[in-house]
Amino acid sequence: MKQLKYIIYSLWLATLAACDKGDMPVQHPDNYDWITFAVQTRLVKSRASSYEAYDPTRHPNTMGVFGYYDMAQYSALTATQATTVAQPNPIYDNATVTYDMDTQNWSETSRKRWDAYKGAASFDFFAYMPRTEGTKVMRVAANTYTLSVPFTMPDAAPLLSDSRQAPIICTLPEHKEGTTANGDQFTFERVVKLRFDQTLTAYRLLFQLDGSMGAIRQFHIKSVTLSGNLAVGGTVSRTYTWDNGEWNAQSIQWTVNRQAVKDAPIAYANNSTDKDATAYDDKTQSITVTADGYKQWGGTFYVIPDAQFRPTISVTYDVVLTAQDSTTVTTRKNVTSNILLNTKNFDNLTIGSTATVNPIRILIQPRYLYVLADDDAYTGHLLID
């Protein structure tokens with residue numbers, strides 16, 4: 001009986017020893033065997049410098065992905081070959097990767113396994129959003145590649161208000177070292193982690209009355225439009241160079257297509273706060289502008305960064321006078337005033353920057369006196385501060 005107990009005890013010790021030597025089966029997380037993706041996007045704000053988690057309510061829900069193994073083997077391609085030969089060793093060639101709201105994961109229809117590429121020395125992934133036909137990655141010099149994405153504004157308009165339609169492009173390609181030629185186990189982090197930069201410029205329009213006008217008047221702004229020779233599409237591109245074991249990126253470039261645009265609307269939006277809740281009228285889709293602080297018309301809108309972006313802003317409004325007995329009367333109806341958006345009128349205007357929101361503050365100020373008995377005493381001239 002003692003001998004049997006000793007045998008059982010010995011077997012137990014042997015089992016523990018086996019565990020200590022790492023012989024227990026390894027439990028990998030879900031999707032461990034598959035090439036999967038994680039996304040962050042650059043914040044859009046006045047001074048953008050950081051990245052945020054992907055949000056399907058604000059960012060595109062499709063991603064175009066290019067993936068290659070052993071790109072470095074082909075650095076000797078000639079300049080002619082670079083413009084005519086597709087990138088070798090593709091894993092993904094502008095593949096459509098979509099975001100699943102339920103699982104909160106990115107997935108591609110024809111999923112790829114890492115183990116299908118054992119023996120590869122390295123992997124590199126380029127990406128952009130939203131996925132677009134005609135996008136390509138081309139080698140332009142030794143270890144230098146350009147990702148080019150064609151883009152057209154929805155309905156060929158010069159602006160868009162839905163950030164989910166705005167193109168974004170990877171900050172850097174994701175590089176992973178592969179395996180030895182004998183196909184050893186991959187040791188790198190298996191999720192392809194990508195960061196994206198904004199490619200458009202954002203604006204907000206804000207209005208306020210001059211103090212001398214706002215004492216007895218209100219302006220009810222009813223519509224705001226843009227006109228001019230404006231960019232409605234083009235190609236956004238970025239060039240990346242592999243140097244000293246890492247990727248480096250050049251600035252985002254645009255080749256733009258312009259067309260004559262007349263009165264492209266900036267849609268009304270309710271931007272009310274507790275302080276100015278009564279300034280926004282959803283029924284008439286208008287805002288009441290006074291001398292008491294700036295009021296924003298519409299939401300943030302996005303345009304293609306273009307050094308020639310100089311639209312005319314047209315503002316249509318009613319002028320309401322407050323009489324001495326506190327009654328109100330509309331003294332002027334459906335008046336339209338214009339101001340040219342340029343660096344002469346707006347000293348601090350930034351044209352061509354990306355990932356920033358440019359607030360355009362427009363002060364409605366008296367220009368000259370005219371006589372209308374007890375009615376309106378001034379006409380408004382759109383100026384800036």
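In strand β6, the bridge partner of glycine 67 is phenylalanine 125. This is a predicted model, in which local features need pLDDT of at least 70 and side-chain atom pairs count only at pLDDT 80 or more, while totals for chains, interfaces and linings use all residues. Residues are numbered from 1 along each chain as its sequence is written, and side-chain values use heavy atoms, with hydrogens and water left out.

The chain has three helices and 22 strands; helices (H or I, at least four residues) and strands (E, at least two) are DSSP runs, numbered from the N terminus. Of its 385 residues, 43% are buried, where buried means under 20% relative accessible area, exposed over 50%, and partly exposed in between (1.4 Å probe, protein chains only). Among contacts with a separation of 6 or more, 72% are between residues 24 or more positions apart; a contact means heavy atoms within 4.5 Å. The chain exposes about 20300 Å², and carbon and sulfur atoms supply 48% of that area. Accessible areas come from the Shrake-Rupley method with a 1.4 Å probe, and for residues only the protein chains shown count as cover.

The pairing of β3 with β6 is antiparallel and has six bridges; two strands pair if DSSP finds at least two bridges between them. Strand β10 (residues 174-177) is joined to β6 by four bridges, again antiparallel, and here phenylalanine 125 stands opposite glutamate 174. Two bridges join β6 to β9 (residues 168-170), also in the antiparallel sense, with methionine 129 opposite isoleucine 168.

From β9 the pairing continues to β11, through three antiparallel bridges. Cysteine 170 has phenylalanine 196 in β11 as its bridge partner. Strand β11 (residues 191-198) also pairs with β1 (residues 36-42), in the parallel sense and over six bridges; valine 39 stands opposite leucine 194 there.

The next topic is the packing of nonpolar side chains. The largest nonpolar core has 50 residues, and those with the most contacts inside it are Phe37, Met63 and Phe125. Such a core is a set of buried Ala, Val, Leu, Ile, Met, Phe, Trp, Tyr and Cys residues joined through side-chain atoms within 4.5 Å. Strand β6 (residues 122-129) gives the largest share of this core, six residues. Beyond its neighbours within four places in sequence, phenylalanine 125 is in contact with residues including Ile35, Phe37, Val65, Trp114, Pro173 and Leu194. Another core, of 35 residues, lies apart from this one and has Phe207, Leu209, Val261 and Leu341 among its members.

A pair of aromatic rings is described by the distance of the centres and the angle of the planes. Rings of Phe, Tyr and Trp (its six-membered ring) pair if their centres lie within 6.5 Å; planes under 30 degrees apart count as stacked, over 60 as edge-to-face and the rest as tilted. The whole structure holds 21 aromatic pairs. Tyrosine 69 and tyrosine 117 are tilted, because their ring centres are 5.6 Å apart and their planes stand at 45 degrees. Tyrosine 69 is in strand β3 (residues 62-69) and tyrosine 117 in the loop between β5 (105-108) and β6, so the pair ties together parts 48 residues apart in sequence. Tyrosine 69 is partly exposed at 25% relative accessibility, whereas tyrosine 117 is buried at 14%.

Phenylalanine 126 and tryptophan 247 form an edge-to-face pair, 5.6 Å centre to centre with 70 degrees between the planes. This pair links β6 to strand β14 (residues 246-249), across 121 residues. Phenylalanine 126 is buried at 0% relative accessibility, and tryptophan 247 is buried at 8%.

Some backbone details remain. Most residues other than glycine have a negative phi, and most peptide bonds are trans. The peptide bond from methionine 129 to proline 130 is cis, with omega near -20 degrees; proline 130 lies in the loop between β6 and β7 (136-141). Alanine 156, in the loop between β8 (144-152) and β9, has a positive phi near 55 degrees. Asparagine 334, in strand β20 (residues 328-340), likewise has a positive phi near 55 degrees, and is partly exposed at 46% relative accessible area.
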